[in-house]
Amino acid sequence: LDGFVDLGEILRLPQFKAWSEEDVKRVVETNEKQRFALCRHPSSGHLQIRANQGHSIQVPELELTPLQDLQDFPETVAHGTLLRHWPAIRQRGLSRMGRTHIHLAPGLPGDGDVLSGMRNSSEVAIILDIPKALAGE
């Protein structure tokens, strides 16, 4: 339901045999990017897990708020990428590349608040002009 699967089923897979439910809870609670969510199944009570950010699959009912008013945006909005991708982006623009979203960061590398949209390995920061982006330019 809504992208959740039984954690017990995952932990029975060979690649996860070394991990316990407590290990997973700790990772979910301490992951600063909040990439995963846990909940109890409403009828069975089994602990379930899902990815909060679906990169290539649709995950309904994510707690995302569309930003459409300029006042909702941080002063700087950027997307981080590798230098080898820059020529294609410059020519064709940013692309989801089969994913469900383009990750944007509220700032630049080193700002401290950048949790998503700007990996530490990013070599290029593409700064977006939000008024033009919202206008479809």
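1. Strands here are DSSP runs of E with at least two residues, and helices are runs of H or I with at least four, both numbered from the N terminus.

2. A word on the source: this is a predicted model, where local features need pLDDT of at least 70, side-chain atom pairs count only at pLDDT 80 or more, and totals for chains, interfaces and linings use all residues. Residues are numbered from 1 along each chain as its sequence is written, and side-chain values use heavy atoms, with hydrogens and water left out.

3. Back to the strands: β3 (residues 47-51) and β2 are joined by five bridges in the antiparallel sense. Pairing requires at least two DSSP bridges between two strands. The open sheet has three strands, ordered β1-β3-β2, with antiparallel pairing. Its edges are β1 (5-6) and β2 (36-40), each of which pairs on one side only.

4. Helix α2 (residues 21-30) packs on this sheet and touches β2 and β3. Its direction makes about 125° with that of β2; axes are lines fitted to C-alpha atoms, for helices over the stretch in contact, and angles run from 0 to 180 degrees between N-to-C directions.

5. Of the 137 residues in the protein chain, 26% are buried, meaning under 20% relative accessible area (1.4 Å probe, protein chains only). Among contacts (heavy atoms within 4.5 Å) with a separation of 6 or more, 57% link residues 24 or more positions apart.

Conventions. Buried means under 20% relative accessible area, exposed over 50%, partly exposed in between (1.4 Å probe, protein chains only).
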